[in-house]
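Please read the following report alongside the sequence and the structure.

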Amino acid sequence: MSSIGTGYDLSVTTFSPDGRVFQIEYAAKAVDNSGTVIGIKCKDGIVMGVEKLIASKMMLPGSNRRIHSVHRHSGMAVAGLAADGRQIVARAKSEATNYQSVYGEPIPVKELAERVASYVHLCTLYWWLRPFGCGIILGGYDRDGPQLYMVEPSGISNRYFGAAIGKGKQAAKTEIEKLKLSEMTCREGVIAVAKIIYKVHDEAKDKAFELEMSWVCDESKQQHQKVPDDLFEEAKAAARTALEEMDAD
Amino acid sequence: MDLNMHLNAPHSMGTTIIGVTYNGGVVLGADSRTSTGMYVANRASDKITQLTDNVYVCRSGSAADSQVVSDYVRYFLHQHTIQLGQPATVKVAAYLVRLLSYNNKNILETGLIVGGWDKYEGGKIYGIPLGGTLIEQPFAIGGSGSSYLYGFFDQAWKEGMTKDEAEQLVVKAVSLAIARDGASGGVVCTVVINLEGVTRNFYPGDKLQLWHEELEPQNSLLDILNSPSPEPMNI
């Protein structure tokens, strides 16, 4: 659906004649050019995974974190411009802490998603700001169970069973749709997410990548954390094997 | 002592207020006397105020301070309910009351008992005395009349009471406090909050049990009200 919005695309406060704000759409393109980020809601929690494209071989593994904890019970994975993402994460953390100190309980995930979306949207309303070039997948576990939200650069936020953003989002979405999420536990979900990320990674266009995964589920006592090392290695091994089997066909 | 002081002193609710949890909800109770010094400014006040559909608060101390705090909390809770999309929990209501009480402790003089029912925790009582401490309790008592009830509750309160047992306990306790505390009096109001909703009950002062050394009213002005030609000085 791309078209050139000549003349109407210079400012985020300008509509085009057919009712589009092109700057927001261009911001979304920044997200589409970044590494794939996926999130799934299993029956007992959320699993999120990021395909971190490695810019340089000299980078330390484990650096450049893309998944951040917002509060004890929730985390967000960011795709797109990393620096923009840092701002949004900082804001989300601040909203969560503030809510806790006023209302005395952890911020409900729905409320957090609304606040993040509101903030992202705010930056599409003024000519002196540019929209955030980030897509966000927000996963959390509160009193109403595990929930997964996705926030786009336009400020739209929706709740999902499975969501994918970034380069391989189409392929990832197809894979996610094949999964029976309501019957899957998070342990199984971690393996599934790893397999999908490995599968959608484009060996030809991008060189190396590093997988980063997190979960928040009953097994992690409803705390958002990195997937434990042993399960992480198991997932990576399973993903590599699945890829080899596919290549062997 | 300046006589004028009694007429111009700030309205305070000497008060007895009580909140009790039972198996399935809470019962809140209070007397109805508001005094300015020794003058009873209002002998039929309602000290149990609604914050949301499922959370009420018992007010004591300065009448003005407690009304204003309740009004603010009701306003904040209303907004919170809209944002959340579901009824606020008792805990959140209590936290908001505490926030106001603590942050304005230099100016305010009010002790509050927040009680209600929500679907996550059931019936809960939170005591927020002067200074802004927040304490979740199975039962809470407050106001000047509560001094006379500590021993009573130690002996009479037990876990897992039924709704009627809890309400009778509250009525008995307020009536005992009224008997001994000059700043508490009038009628007893109770509010029962549970899964089904909210029920207000009213116990007129003359229907309450008389305690040790209390006298039956004699030549009470209230008796002459219904007679055809009231002669007040007929002793």
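The lining of the largest cavity comprises 3 nonpolar, 2 polar and 2 charged residues; here Ala, Val, Leu, Ile, Met, Phe, Trp, Tyr, Cys and Pro count as nonpolar, Asp, Glu, Lys and Arg as charged, and the others, Gly among them, as polar. These residues are K52(A), L53(A), I54(A), M59(A), S63(A), N64(A) and E210(A). The cavity holds about 30 Å³ of space, and the rule gives a count of 1 cavity of 30 Å³ or more. A cavity is a set of points, on a 1 Å grid over the protein atoms alone, where a 1.4 Å probe fits but cannot get out, and lining residues have an atom within 4 Å of a point. Its volume is the space filled by probe spheres set on the points, which are joined across faces, edges and corners.

The model is predicted: local features need pLDDT of at least 70, side-chain atom pairs count only at pLDDT 80 or more, and totals for chains, interfaces and linings use all residues. Residues are numbered from 1 along each chain as its sequence is written, chains are lettered from A and ligands numbered from 1 in the order in which they are written, and side-chain values use heavy atoms, with hydrogens and water left out.

| Item | Value |
|---|---|
| Residues of chain B in contact with chain A (heavy atoms within 4.5 Å) | 12 residues |
| Residues of chain A in contact with chain B | 13 residues |
| Area buried between chain B and chain A (accessible area, 1.4 Å probe, lost on being put together, summed over both) | about 1,100 Å² |

Carbon and sulfur atoms give 49% of that buried area. Q83(B), L84(B) and Y120(B) supply 42% of the area that chain B buries against chain A, more than any other three residues. Helix 2 (63–84) and helix 3 (90–103) of chain B are the elements that give two or more residues to the side touching chain A, helices being DSSP runs of H or I with at least four residues, numbered from the N terminus. Helix 3 of chain B gives the most, with 5 residues. This side of chain B divides into 6 nonpolar, 5 polar and 1 charged residues.

Across this interface there are 0 salt bridges, a salt bridge being a side-chain nitrogen of Lys or Arg within 4 Å of a carboxyl oxygen of Asp or Glu. In one salt bridge, the side chains of E111(A) and R115(A) meet at 3.2 Å, N to O.

Terms used. Buried area is the accessible area (1.4 Å probe) that two parts lose on being put together, summed over both. On a 1 Å grid over the protein atoms alone, a cavity is a set of points where a 1.4 Å probe fits but cannot get out, and a pocket is an open set with protein on both sides within 12 Å along at least five of seven lines; lining residues have an atom within 4 Å of a point.
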